[in-house]
Amino acid sequence: MLYKSLSSFPVFEVERDYDKCIVCGCCVQQCTFDATYYLPYAKKVITDEHKCVGCKRCEAMCPTGAIKVRAVTNEFKHNAYWDARTIRDIYKQADQGGVILTGGGNDRRFRVYWDHLLIDACQVTNPSIDPLREPMELRTFLGRKPDALEVEYNEKGEPELKTKIAPNLVAEIPVIFAPMSYGALNLNMHKAMAAAADAMGTYWNTGEGSLHRDLYKYGHCTIVQVASGRFGVSAEYLKVAAAAEIKIGQGAKPGIGGHLPGEKVDEEISKTRMIPVGTDALSPAPHHDIYSIEDLRQLIYAIKEATNYEKPVSVKIAAVHNVAAIASGIARAGADIIVLDGFRGGTGASPAIVRDYVGIPVEIAVAVVDQRLREEGIRNWVSIIAAGGIRNSADVIKAIALGADAVYIGTSALLAVGCTLCHKCYTGRCAWGITTNDPHIAKRLNPDIAAERLINLLKGWAHEMKEMLGLMGINAIESLKGNRLRLRAIGLTKEEMDILGVLPAGEGI
Amino acid sequence: MMVLTRSRELSGCGLSGIISRKKNLIPGEVIIRSITHMRERGNGLGAGYAGYGIYPDFPDEYAFHIMYDDELARKETEEYIKQRFHVIHYEEIPTRKVKGIQDSPLLWRYFLRPIEPPDESDFVEEDYVMKAVMDINDKIRGAYVFSSGKNMGAFKGVGEPDDIGEFYRIDEYQAYLWVAHTRFPTNTPGWWGGAHPFTLLDWAVVHNGEISSYGTNKRYLEMFGYKCTLRTDTEVVAYLIDLLVRRHKLPLRIAAYALASPFWKDIDRMPENQRRLFTAIRMVYGSALLNGPFAILVSWNGGLMGLNDRIKLRPFVAAVKDDKVYMASEEAAIREICPSPDRVWAPKAGDPVIALFEDFDGGTQFKEHQV
Ligand code: SF4
Ligand code: SF4
Ligand code: SF4
């Protein structure tokens, strides 16, 4: 072959043990990427490995355990610089021209700051607390707080609060389901997140695709998004929600817009997003009415007016180099919550080149924003939500110790309901029924079971967080907030430690 | 300032306080006896006292007690002071030679009146004094202001409490409010400034415990201009009290609830009005919550407050006899100086014990239910 075609070198091998295979056809039916088919003359089930995306659906569903899906390990001659993915991407673009798309979050080998931070524990001088015997409090308030309270004694001699407190969200666990739109996800996943958030006393975020009518009953635990496409934004949509969020950017694709192809816009999505069936849903890169911080201020106050100043307004930005100054501007523009979305954050669809090389880690963003807002004495004005690649409860603890008030979880939530991180969300063919609107495939995601799994995940994290607070000798999450002295760095440079505001392991205090 | 190590002081300690609400003078010898009775709780590596009403000759001047490493630090500090204050009187702090006390720094005291800057319309005298204290402690090498209130003074150093008492001639002072502290630091000691009490203006704090929320408290205070330079967690208690009570004007009892707030499970069961109040306290002052085991005594020119952490991980006893209120780590320390109190009790976790002077008029801010 003169030219390498895109499909010359499969990425996965699908090994089928024909001694075990009973030719039931299940794997054929389950493979949404048409990689597996039945070969009648051989009476065999075969996989075209070039089409396999490694989603492992067939492996999970095979009743006899006959299938092993593995990444090809020895595909090209070893090269530490020109790795297989780089080579394959060049073949692909030479084949087709155009932009290489991807889904999910940045999987490149950049330093993971979470994994260079270690948590402190108590010994002797300061007893740790047993979370099974003592209360351990995770309740978190998100929104603007006054700098001070005014308390006076009334005629009865009882202290009384004089200060009027701005509306705040109250989360019983500082973990919120990240914005992922209806359209990118199907309604089953939205149902599951809403029900789980409700059950756990936390929140979920609609993403930019608006809120399906059936889910209005979950308004009290719903954060609704207003993005550049303004899909389905109505007075009612804002009113029914607990908070509204202006989406400026997304960690997976800072500075670029979104595109939901017309094929995905079915009847229900059309009604919810308020666009005609079959039309592309385009989110422009910027909001066309926001070209400065003053413009943002106007939109923030337009939403506050529309909701009678009864709801906090959040602004979500991608973590970029100048994030501290931008966040300060947003706080001064009247936002009550700022979401910092790091470069590990997931996406339904993004150019791979943008996902992989634009933005900064959320660990760094949280550290610099928290520090900046403190230096300016305006940290009380806003709450900070860290988003983009939060993987476990230790990441949550570290994020809060660095200065966040709460976190968003997107990828972790998808994993909880079956996602295998195949990164093919943009195809609309998700074999696990998550990022697909094909009604047939979407049925694979049972909203009740998915909700239960999300609840289990949050419960597990809550237990672990309480355990970790206890071993730090802390019984309320607010004493962890910005408490960088309880973190130590391992294997970081002096500059990195300065930016994160942490000391190296081995240094006491 | 002269921090020798980067390590923060960790300590298990004993504390004792006594107040005469009618302002009858109590000889220093009494408080020495009480604190010395808890020898087990200290290891001779730090002790200190604070007395109120000890400077009747200079009742309206800020009494600065300063430790110096050397004459150079003294010169530099005195120059700084002269630019900002009228020095009404100054002298070396009188001490005795005591066998157990070595390597004492230079110890001086100054009675000061602020020179009001002509152009500042919103001049707040206390903020001005606070800034001077922060500046000296932060910027002048080898100088540390360890007392800065009116008609009160803190005395502290490395040694057993009885030796420190003798060294500073505590027995020669009379006060209507005394607090004392003995220390059991777990790391290399050696710095006089590391002993308790910690003070700012007329607030003095003695503390038994360890504050796990130190990092959160410290960064919170930094937003309001406090510099936590002494690397001991007790420092943040003094500053938090100053911020919440003096600057934010919170009622003292409410401030105590911010430092040791009730649990949500209890707040959720309160009547509406109270629930709103306590919810707001935790929302707004979450970063002021002192997490970890502690018993503290906070004294100022209005009285004495004792407070335990929210799950009572450190011992704390209070007693009343006539016009006197006693608070200490152990009942024995109280019985040593007051054998038959009218009432002795162990205060509940997070519930402040407040004893004010009868003539103290702090307005509604201090309209507290007292012992
Ligand atoms: S189901 Fe997934 S893993 Fe299995 S063959 Fe199809 S694409 Fe590959
Ligand atoms: S699912 Fe398993 S048993 Fe059924 S056809 Fe596929 S490989 Fe064979
Ligand atoms: S959501 Fe579906 S398509 Fe996207 S990465 Fe997960 S399994 Fe793959």
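## Briefing on a predicted two-chain model with ligands

The side chains of E172(B) and R169(B) form a salt bridge, with N and O 3.2 Å apart; a salt bridge is a side-chain nitrogen of Lys or Arg within 4 Å of a carboxyl oxygen of Asp or Glu. The model is predicted, so local features need pLDDT of at least 70 and side-chain atom pairs count only at pLDDT 80 or more, whereas totals for chains, interfaces and linings use all residues. Residues are numbered from 1 along each chain as its sequence is written, chains are lettered from A and ligands numbered from 1 in the order in which they are written, and side-chain values use heavy atoms, with hydrogens and water left out.

**Salt bridges**

- E172(B) is partly exposed at 47% relative accessibility, and R169(B) is partly exposed at 25%; buried means under 20% relative accessible area, exposed over 50%, and partly exposed in between (1.4 Å probe, protein chains only).
- Salt bridges with shared partners link D370(A), R374(A), R379(A), D405(A), K481(A), R484(A) and R219(B) into one network.
- Over all chains, the whole structure holds 60 salt bridges.
- In chain A, the side chains of R108(A) and D356(A) form a salt bridge at 3.0 Å, N to O.
- R108(A) lies in the loop between β5 (101-102) and β6 (117-119) of chain A and D356(A) in helix α9 (residues 352-357) of chain A, so this pair ties together parts that are 248 residues apart in sequence; helices (H or I, at least four residues) and strands (E, at least two) are DSSP runs, numbered from the N terminus.
- Both R108(A) and D356(A) are buried.
- R144(A) and D336(A) also meet through their side chains in a salt bridge, at 3.5 Å from N to O.
- R144(A) belongs to the loop between β7 (140-142) and β8 (151-153) of chain A, and D336(A) to the loop between α8 (323-332) and β18 (337-341) of chain A, so the pair ties together parts that are 192 residues apart in sequence.
- R144(A) is partly exposed at 22% relative accessibility, whereas D336(A) is buried at 4%.

**The interface of chains A and B**

- In this interface, 47 residues of chain B are in contact (heavy atoms within 4.5 Å) with 48 residues of chain A.
- The size of an interface is often given as the accessible area lost when the parts come together.
- Here the buried area is about 4,100 Å², of which carbon and sulfur atoms give 57%; buried area is the accessible area (1.4 Å probe) that two parts lose on being put together, summed over both.
- On the chain B side, R219(B), M223(B) and M283(B) lose the most area to chain A, together 18% of what that side buries.
- Between the two chains there are 5 salt bridges.
- R139(A) forms a salt bridge with D268(B), and their closest N and O atoms are 2.6 Å apart.
- Helices α5 (214-222), α7 (252-259), α8 (264-267) and α9 (272-285) of chain B each supply at least two residues of the side that touches chain A.
- α9(B) gives the most to that side, with 10 residues.
- The side of chain B that touches chain A has 20 nonpolar, 13 polar and 14 charged residues; Ala, Val, Leu, Ile, Met, Phe, Trp, Tyr, Cys and Pro count as nonpolar, Asp, Glu, Lys and Arg as charged, and the others, Gly among them, as polar.

**Surroundings of the ligands**

- The residues around ligand 1 (a heavy atom within 4 Å of it) include C31(A), C52(A), C55(A) and C58(A).
- The shell around ligand 1 divides into 7 nonpolar, 3 polar and 2 charged residues.

**Local features of the chains**

- H207(B) lies in strand β12 (residues 203-209) of chain B and is buried, at 1% relative accessibility.
- Leaving aside neighbours within four places in sequence, H207(B) is in contact with residues including C13(B), H181(B), H196(B) and D233(B).
- A cis peptide bond joins H196(B) and P197(B), with omega about 0 degrees.
- V23(A) has a positive phi of about 55 degrees although it is not a glycine, and V23(A) is partly exposed at 35% relative accessible area.
- N151(B) has a positive phi of about 50 degrees, although it is not a glycine, and N151(B) is buried at 12% relative accessible area.
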